[in-house]
Amino acid sequence: KEERKYVEHQGILQTENQLSIITVLDISPSGMKIESKEPILKKYVEIFFERKNQKIFAEGEIIWSKQRKDCYYYGLKISRMEVIRRDHGTVVSPFAS
């Protein structure tokens, strides 16, 4: 089982017709858990957030969801995750050493 890093990063979630502020709660090379104040209506999503002074782009599929009071929690299976480079150089995994 992959090691999960427990984090708390604010981010932006985007689908074809939705833009939401989310919080990334934990992350691993193949998945992440996020929190949203509003329901996410599509299965496939893109997420942008910053971690260790790196801008991260991830896309994936929602594989589970839970609602607790006024918050929604989602598990994502990541299909692609990259560091966004300003110099347009090689894009690397944010988990690379």
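The structure is a predicted model, in which local features need pLDDT of at least 70, side-chain atom pairs count only at pLDDT 80 or more, and totals for chains, interfaces and linings use all residues. Residues are numbered from 1 along each chain as its sequence is written, and side-chain values use heavy atoms, with hydrogens and water left out.

**Secondary structure**

- The protein chain contains 6 strands and 0 helices; strands (E, at least two residues) and helices (H or I, at least four) are DSSP runs, numbered from the N terminus.
- Along the sequence, the elements follow the pattern β-β-β-β-β-β.

**Strand pairing**

- Strands β4 (residues 44-51) and β5 (residues 54-68) pair in the antiparallel sense over 8 bridges, where pairing requires that DSSP finds at least two bridges between two strands.
- At this pairing, Arg51 stands opposite Gln54 in β5.
- The hairpin of β4 and β5 has 2 residues between the strands, and Lys52 there takes a positive phi near 50 degrees.
- Strand β5 is also joined to strand β6 (residues 71-83), by 12 bridges in an antiparallel arrangement.
- Gln67 stands opposite Tyr72 in β6.
- Lys69 takes a positive phi near 50 degrees in the hairpin of β5 and β6, which has 2 residues between the strands.

**Burial, contacts and surface**

- Of the 97 residues in the protein chain, 40% are buried, meaning under 20% relative accessible area (1.4 Å probe, protein chains only).
- Among contacts (heavy atoms within 4.5 Å) between residues at least 6 apart in sequence, 45% join residues at least 24 apart.
- The accessible surface of the protein chain comes to about 6500 Å², with 47% belonging to carbon and sulfur atoms; accessible areas come from the Shrake-Rupley method with a 1.4 Å probe.

Note on methods: Buried means under 20% relative accessible area, exposed over 50%, partly exposed in between (1.4 Å probe, protein chains only).
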